[in-house]
Amino acid sequence: MSGPRQATETRSTKETEVAVTVVIDGSGQVSASTGLPFFDHMLEQLGRHGGFDLTVEAKGDLAVDAHHTVEDVGIVLGRCLAKALGAKVGVRRFANALIPLDEALVEVALDLSGRPFLAYEVPFAPDTAGLGSPAFDPQLAEEFWRAVVTAAGITLHVRLREGRNTHHIVEAVFKGVARSLRDAVRVEGGGVPSTKGSL
């Protein structure tokens, strides 16, 4: 590696202002302020269980909907991950996790492939109550992960095996992706783990 694996990215639109910093080889220190307390809590899980330092500052049009804020944080976070990982020399690349949280059980598999793809089988009924105040619609978790993988070039599969409690399910997803990212970004070799020579 030529230097520390870290990056800072920003995004400014008529709907949101987002700034994210990621230190891949950190200690799980997280500061998240998005105006959505439940989303902040999930970002804290992501950084803590992913083992990287994460700072997220976002201001969005929450009076309209939380969608823009959640999606744009995902975009900027994905860009940070891509920039921080660079050429991905020596990374483990593939990882998976099976994460329980009480009655919830979530399966996650990912590949730092350079090819964005999301398979997300975590269904919620359209009338499922939001979490926190202002409310975080649990269906927004899928939009967040889609934005992350698209911007970062990650293949991500998430499947709910068991679960009833909305909070437990969403949190298990974030913890599962975090643990998988932690394993996938680990440096354990000297070359790019691809027969193509690049990811």
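Trainee: Which way do strand β2 and strand β4 pair, and over how many bridges?
Mentor: Antiparallel: β2, residues 16-23, and β4, residues 53-60, are paired over 8 bridges. Keep in mind that this is a predicted model.

Trainee: Okay. What's the bridge partner of Val-22 in β4?
Mentor: That would be Leu-54.

Trainee: And what order do the strands of that sheet come in?
Mentor: The order is β1-β2-β4-β3, 4 strands in an open sheet with mixed pairing. At the edges sit β1 (6-12) and β3 (30-33), each pairing on one side only. On average, neighbouring strands here are turned by 5° against each other, ignoring direction.

Trainee: Which strands does helix α1 lie across?
Mentor: Helix α1, residues 37-50, lies across β3 and β4, and runs at about 160° to β3. Helix α2, residues 67-85, also packs on the sheet, where it touches β1, β2 and β4. The direction of α2 makes about 145° with that of β1.

Trainee: Switching to β5. Which of its side chains are buried?
Mentor: Ala-95, Ala-97, Ile-99 and Leu-101 are, and they point to one face of β5 (residues 94-101).

Trainee: What does β5 pair with?
Mentor: Strand β6, residues 104-111, running antiparallel and joined to β5 by 8 bridges. In that pairing, Leu-101 stands opposite Ala-104 of β6. The hairpin of β5 and β6 has 2 residues between the strands, and Asp-102 takes a positive phi near 55° there.

Trainee: Now Lys-175: buried or exposed?
Mentor: Buried, because its relative accessibility is 16% and the cut-off for buried is under 20%. Lys-175 is found in helix α4, residues 166-184.

Trainee: What is Lys-175 in contact with, leaving aside its neighbours within four places in sequence?
Mentor: Gln-45, His-49, Ile-99 and Leu-101.

Trainee: Last one, at what angle do α3 and α4 pack?
Mentor: About 15°, with the axes 11 Å apart; α3 covers residues 140-152. That angle is why α3 counts as roughly parallel to α4. The crossing of α3 past α4 is right-handed.

Trainee: Which residues make that contact?
Mentor: From α3, Ala-141, Phe-144 and Trp-145; from α4, Val-170, Val-173, Phe-174 and Val-177. By class, the contact has 7 nonpolar residues, no polar and no charged ones.

Terms used:
Residues are numbered from 1 along each chain as its sequence is written. This is a predicted model: local features need pLDDT of at least 70, side-chain atom pairs count only at pLDDT 80 or more; totals for chains, interfaces and linings use all residues. Side-chain values use heavy atoms; hydrogens and water are left out. Buried means under 20% relative accessible area, exposed over 50%, partly exposed in between (1.4 Å probe, protein chains only). Contact means heavy atoms within 4.5 Å. Axes are lines fitted to C-alpha atoms, for helices over the stretch in contact, and angles run from 0 to 180 degrees between N-to-C directions. Angles under 35 degrees count as roughly parallel, over 145 as roughly antiparallel, 65 to 115 as roughly perpendicular and the rest as oblique. A crossing is left-handed if the near helix is turned anticlockwise from the far one by less than a right angle, and right-handed if clockwise. Ala, Val, Leu, Ile, Met, Phe, Trp, Tyr, Cys and Pro count as nonpolar, Asp, Glu, Lys and Arg as charged, and the others, Gly among them, as polar. Two strands pair if DSSP finds at least two bridges between them.
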